[in-house]
Amino acid sequence: MAEIKKVMIAGGGALGSQVDWQSAVHGFDVMVYDAYDSGIKASKGFHAQNAQMFLSRKKFDQDSILRAQENIHYTTDLALSKDSQFISESIPEDMEIKRKFYQDLSFHISEDTLVTTNSSTFLPSDFKHDISKPIRFAAFHFANIIWDYNIGEIMVHTETSNETIKRVKSFAKRIGIVPVLLKKEQNGYILNSILAPMISNGMALLVNGVADVEDIDKT
């Protein structure tokens, strides 16, 4: 199969706009899809913020930022997904919206296109019957601020092929993300399964009068 060069990120929100920026910074040709012009406008705003942050905090030079910006294109036409070799979905966490997206997407993509969901609440098996090639579909979940917390959690369903896992892992590494693989589906993945109990226990320490907020956060 051809090396991944063209990617589409569906969803112009805060996290989707981190995934497409990270991909563009690493040299990929990126198409940002959103169903609404307002989503495209929001995505452009996030990218402008990301550019300034990479200049000031990441110490990128202006030429690198310009190249990243030139790598990003925007559309509200899902048909333009036909040339994408890798698609990451970050649209709203609504079952019916996501199902409709995958059904519509299946009319346009090629048989070799990898499709992933960045959903934090749904499982890949929830949508495997809505995508044309379920063997090329998996969850690929990012933590917020992906260039600092650069873990990419790969969750598969029963029909996901080993080749798909291999290619998602390879793409992750090429955009500076460390891939981790779940052996079975679980809501919350690895990261949130560890994080949620820690937060709950921290709240319990406060409510039970064991410690103050400042000392809990400090710890």
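Helix 1 passes helix 2 in a right-handed crossing, a term for the near helix being turned clockwise from the far one by less than a right angle. The model is predicted: local features need pLDDT of at least 70, side-chain atom pairs count only at pLDDT 80 or more, and totals for chains, interfaces and linings use all residues. Residues are numbered from 1 along each chain as its sequence is written, and side-chain values use heavy atoms, without hydrogens and water.

Contact (heavy atoms within 4.5 Å) involves, among others, Trp-21 and Val-25 of helix 1 and Phe-46 and Phe-54 of helix 2.

The structure also holds 12 aromatic pairs, in which ring centres of Phe, Tyr and Trp (its six-membered ring) lie within 6.5 Å; planes under 30 degrees apart count as stacked, over 60 as edge-to-face and the rest as tilted. Phe-86 and Phe-140 form an edge-to-face pair, at 6.3 Å centre to centre and 85 degrees between the planes. Because Phe-86 lies in strand 4 (residues 86–89) and Phe-140 in strand 6 (residues 137–142), the pair ties together parts 54 residues apart in sequence. Phe-86 is buried, at a relative accessible area of 0%, and Phe-140 is buried at 0% relative accessibility; buried means under 20% relative accessible area, with a 1.4 Å probe and protein chains only.

Key. Helix = DSSP H or I, 4+ residues; strand = E, 2+ residues; numbered from the N terminus. Buried < 20%, exposed > 50% of the residue type's maximum accessible area, 1.4 Å probe, protein only.
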